[in-house]
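The remarks move from the core to the domains and chains, and then to single elements.

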Amino acid sequence: MSLSEPGGRAKPEAVYYYGTCLMDLFFPEAGMAGIRLLRREGLRVVFPRGQTCCAQPAFNCGYHEEARAVARAQIALFPRPYPIVVPSGSCAAMMKHHYPALFEGDPFQEQAEAFASRVFELTQFLADVLEVELSDHGESVRVAWHPSCHSLREMGIAEEPKSLLAQLVNVERVPLIRERECCGFGGTFSVREPEISAAMVEDKATDVVSTGASLLLSGDGGCLLNIGGRLAARGDRVRPTHVAEFLWERTK
Amino acid sequence: MSAPGAPGAFRTAAAKALKDPELRANFRRAMDGLMTKRAAMFADPAEWRDLRALGATIRQRAIANLPELLERLEEKCTGNGVQVRWAETTEEANAVVLEILRRHGATRVVKGKSMVSEEMHLNDFLEKHGIESLESDLGEYIIQLDGETPSHIIMPAIHKNRQQIARLFGRKIREARYTEDVDELTRIARRVLRRKFFEAEAGISGVNFAVAETGTLCLVENEGNGRMSTHVPPVHIALMGIEKVVERLEDVPPLYSLLTRSATGQAITTYFNMITGPRGPGEKDGPREVHLVILDNGRSRIFSDRELSATLRCIRCGACMNHCPVYTRVGGHAYDAVYPGPIGKILTPQTEGLGRRHDLAHASSLCGACGEVCPVGIPIAELLVRLRREAVRGDRSSAVLGAGEARSRLESLAWAAWAAAHRSPSLYRLMGLAATRLSRLLPARLPVLSRWTSVRETPRPARRTLHELVEREGVDNA
């Protein structure tokens, strides 16, 4: 079996898919699109049914006992040495970077680290490991791309999603003025500090609208709910779309 | 309205700041400029990576050997003729300063910029004891005139625009005629300060780096007021926190470079002072006496925690504030703390206690922009999460001040229920079912999400969960 080493180029035969709780509930079609993109490359995709949430909400709020309990349950569902592909930079970062710290000194540490080393964000996996080639069947469209903070800064993913979008010949990507600035979601931050979060998402929505794009693309459901929710409330017609769904719909 | 420092006080103050368009414009404009300048200074990513790694190592090493380095610093300074005094609290530090000033009969003091003196609320303290303490850094001078505290650690008056400063000068400085010309405003302040430098019986300054190897006190500045404050008056009192020490003289150039490029986007500042002692025999200038006051004020408690001690690496460049999406929108005063912005969010709860200030640890979306630009690699977002955890700790095993004081039964129960639901696949599926099937029956505005939906459309669950779709499409389960 040719398993991919992180950074290596060998294609695996099978991958695990971690759907995330937000995709499960709010973006299931985008979640399916990610699976289809992987299957099209000839991979067997395994979606362990008992998966729930990466535990980031509890972790970020300081409830680490609770986070450990949930994280342990997730890790147990992914026993084979397949890469774990996640259609969210934020959840991927939680599993890749914070699981090892969460289980530091715990008997479960080694298992958590082995799990973490197999985690990939979807666009990263498509671009770097599978080196997918995409042919665009869609109509001309102008899009804006919003990178999530955790994807950008914790996963170090900046060019991968853009390189995938650049393969689509009928897609014009207009950069946001403050591309790297947080949209103000931050999980519980948006509820604990609603005024600041509202000011942040307002600026992001204005930035998005000023590009003249008809679609706002991102790789994270949290950002899409946040920015999309604000755009809709403002009456702006920019449609928030997960990048997996966009890539699949245009290339299927 | 919440009391200052009370939980929720930040939220109230931030909400008020957000409604002030002039304040928001002042910060946005200034922070945009600072970010652009900094980015130009670190245009080469490899050079930035290497220099930052070096800076982080130097500071990490200094903090790891803090007690030993401080001892060596004291020994070297004393050998250089500098009188070293230690203060555990800001009260003690104020008393030391007052005692020195009284011994010299000083009633007029000029000050260079010092954040430690802000911790001490030194100006107010001296004023109560009949001593005029005048800020000589232009930004500090401006806010002192207006009875304010700094809103930024490098640019204390950054919350004000030119017109606001012009009106302030017109109101407060007798010899000033109204002008909005920046150069003319600077000249007005300069004329006042010039006279004060020569009248002052003592000068007070901060310290950017204190070199243990040589006993050298380094002072970074742009206006020459630091040099005037430390060289013209006959007595110089330098104030530093215990974390300011570095091991060797050769540690200074990389830190200095990181500091100026990160802070103001300058390759080098106009002035860099290295103070090694009082005026020597036969020398024509310099103070007759140099004192160094080394303040703890909660820092040794931070030092005792392996992870949190990274807080002490900070070289006070302010880049974390300049890049913080929260700070740039609410400004520095909303934090009601000496150190605002991301560094303040990890420092203040540790020095003032989690019970009072845990809200600061939550005043972040954990976007990580601060840690990304920190020139000494402080993992600020990770430390914020650590402090959130300490704040709700149920046991007594933590050394962090106020640990567990923010724990509430309701919140702990909610998270316990959350964990129970998410570690049980069947319970989770049941919730998914309820959300997808029942949510359309709910009103458009949910009370529990009222803060979210006041500016956003209510998020609606899909009709089928991803779990259902994969089942239907026959995606492998194992």
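1. Leaving aside its neighbours within four places in sequence, which residues is B:Val109 in contact with? With those neighbours set aside, B:Val109 is in contact with B:Leu101, B:Leu126, B:Ile131, B:Glu132, B:Ser133, B:Leu134, B:Ala200, B:Ala202, B:Gly203 and B:Ile204, where contact means that the C-beta atoms, placed from the backbone, lie within 7 Å.

2. The model is a predicted one, in which local features need pLDDT of at least 70 and side-chain atom pairs count only at pLDDT 80 or more, while totals for chains, interfaces and linings use all residues. Residues are numbered from 1 along each chain as its sequence is written, and chains are lettered from A and ligands numbered from 1 in the order in which they are written.

3. B:Val109 also belongs, with A:Val85 and A:Val86, to the residues that have the most contacts inside the largest nonpolar core, which has 215 residues. Such a core is a set of buried Ala, Val, Leu, Ile, Met, Phe, Trp, Tyr and Cys residues joined through C-beta atoms within 7 Å; a residue is buried if 20 or more other C-beta atoms, placed from the backbone, lie within 10 Å of its own, exposed if 12 or fewer, and partly exposed in between.

4. Chain A is divided into domain 1 (14-128) and domain 2 (133-251), with bounds that come from an automatic or database domain assignment. The C-alpha centres of these two domains of chain A lie 22 Å apart, and 30 residues of domain 1 are in contact with 23 residues of domain 2. By class, the side of domain 1 of chain A that touches domain 2 has 15 nonpolar, 10 polar and five charged residues; here Ala, Val, Leu, Ile, Met, Phe, Trp, Tyr, Cys and Pro count as nonpolar, Asp, Glu, Lys and Arg as charged, and the others, Gly among them, as polar.

5. Between the chains, 51 residues of chain B are in contact with 54 residues of chain A.

6. In helix H9 (residues 162-172) of chain B, the buried residues are B:Ile165, B:Ala166 and B:Phe169. They lie on the same side of H9(B), because they cover an arc of only 105° around the axis, the arc being that of the directions from the helix axis to the C-beta atoms. These buried residues pack against helix H8 (138-145) and helix H10 (182-199) of chain B, whereas the face turned away from the buried side carries the exposed residues B:Gln163 and B:Arg171.

7. Strand E10 (residues 289-295) of chain B has six of its seven residues buried, so it is largely enclosed by the rest of the structure. E10(B) runs parallel to strand E1 (residues 82-87) of chain B, to which six bridges join it, and B:Gln83 stands opposite B:His291. Strand E7 (residues 235-241) of chain B pairs with E10(B) in the parallel sense over seven bridges, with B:Gly241 opposite B:Leu295; strands pair if DSSP finds at least two bridges between them.

Key:
Two residues are in contact if their C-beta atoms, placed from the backbone, lie within 7 Å. Helices (H or I, at least four residues) and strands (E, at least two) are DSSP runs, numbered from the N terminus.
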